[in-house]
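Please look over the structure below, with attention to how one chain is built and how it meets its partner.

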Amino acid sequence: MNDTRYTNNKIIIGLIGEKGAGKETFTQLLRNTLLQTTQVINTSNLMAETLELWTLEKSRHNLQQIALLMERTFGEGTMNRALAEKVNNSTAEVIIWDSIRFPNTFDFVNTLPRSILVYITASAEARYERIRLRKQKVGEDQMTLQEFIDNEQVGTEKDIPMLGHKADFTLDNNGNMNQLEKQVRAFCQQFGLG
Amino acid sequence: MNKDKFVIGLFGEKGSGKETFTELLKEILPNKKIQGVRTSAILMKTLKTWGLPDIRENYSKLVISMEQTFGAGSLARANKQLIDREEADIVVIDGIRRQPEVDLVKSFPRHCLLYLTADPKLRFARLKSRQEKENEKNMTFEGFLAEESLPTEQFIPQMGQEADYRIENNGQIERFKDQIKDFCQKFELV
């Protein structure tokens with residue numbers, strides 16, 4: 001199915017990656033490289049805005065709960081449709097869909113005519129250290145490595161590696177920034193971006 | 001943040017004058033900052049954020065689901081925090097329909113549960129003349145009475161018993177204004 005309703009010839013980069021894999025860094029590097037106008041459509045923002053409306057704490061647990069309850073209440077694909085609406089309203093030439101966690105979102109983005117699915121990954125140890133350092137979400141810096149790993153086996157995180165293996169391009173972010181930058185340039189070349 | 005704000009929890013049947021009440025209150029108290037709040041505004045904004053249709057069915061689905069996940073009274077707690085942040089001297093919470101909203105009003109040290117009511121025939125006539133909702137245009141008086149006996153509407157007269165103040169809005173607008181002035185005096189808002 002070539003669904004052009006939402007995209008109007010925009011390029012959609014669907015980003016897949018575990019916590020701390022470097023999704024934001026990838027986005028930053030990509031934006032530095034690309035000449036086209038870009039916009040990040042962020043699934044966490046959608047959940048965070050909702051939590052803010054309800055004056056609830058923006059913990060990772062609550063963000064996950066919102067995603068699950070909206071899908072349960074308004075039907076499978078509710079989040080995809082909400083984000084597609086944001087894609088539709090965007091005037092940017094390249095949309096970065098940050099990030100893809102569910103098989104149905106993967107399939108949804110995959111059917112958009114000019115979509116590229118990108119997987120960024122790193123070892124659990126490396127990601128755990130990054131998460132601890134950035135303390136972005138409530139309670140995240142208190143976790144042990146084992147808790148961090150266990151937490152990824154359930155709920156909204158569990159399908160990420162499986163989806164990543166089906167992506168059009170994979171970046172290994174176990175190294176330093178230079179190494180990642182090289183991979184971003186290789187990615188842009190392969191897909192004729194920049 | 002005004003910690004000392006006066007919170008009016010307004011409830012009343014359709015056509016009892018809830019919207020007019022807030023307009024007249026502003027006229028009577030021009031030096032007070034009066035803020036109308038709808039407890040459903042959070043639901044409306046959530047649906048908008050998610051690109052979902054703004055229909056009554058989605059409002060109730062959303063609130064049930066949120067309260068199942070985050071606990072009973074989640075909507076009231078969110079409203080409490082939002083009202084706490086308001087700069088207003090007087091906050092009018094319009095359209096109280098459920099017990100958690102009653103409890104919300106009572107959680108403010110300075111509050112009043114105000115019951116607005118009027119003769120059904122008068123209220124029906126007001127509804128017909130304002131034609132706000134599509135299904136109200138062709139409604140008969142019998143249909144109007146039947147709608148009021150729905151479980152969601154029955155809460156209103158029941159709550160009337162618990163009100164701190166009651167206004168029977170059976171007269172013209174000038175009479176209503178005088179009744180609101182009496183109310184303001186009783187609660188020392190003037």
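Read along its sequence, chain B runs through the pattern β-α-β-α-α-α-β-α-β-α-α-α-β-α, which comprises nine helices and five strands, where helices (H or I, at least four residues) and strands (E, at least two) are DSSP runs numbered from the N terminus. The radius of gyration of chain B, taken over C-alpha atoms, is close to the value of the globule rule (2.2 Å times the number of residues to the power 0.38), so chain B is as compact as a globular protein of that length.

This is a predicted model, in which local features need pLDDT of at least 70 and side-chain atom pairs count only at pLDDT 80 or more, while totals for chains, interfaces and linings use all residues. Residues are numbered from 1 along each chain as its sequence is written, and chains are lettered from A and ligands numbered from 1 in the order in which they are written.

| Property of chain B | Value |
|---|---|
| Radius of gyration | 17 Å |
| Box of the C-alpha atoms along the principal axes | roughly 45 × 45 × 30 Å |

Of the 190 residues in chain B, 28% are buried, meaning that 20 or more other C-beta atoms, placed from the backbone, lie within 10 Å of the residue's own.

Between the chains, 17 residues of chain A are in contact with 17 residues of chain B, a contact being two residues whose C-beta atoms, placed from the backbone, lie within 7 Å. On the side of chain A that touches chain B, the elements giving two or more residues are α2 (43–53), α3 (60–74) and α4 (78–89) of chain A, and α3(A) gives the most, with six residues.

Key. A residue is buried if 20 or more other C-beta atoms lie within 10 Å of its own, exposed if 12 or fewer, and partly exposed in between; C-beta atoms are placed from the backbone.
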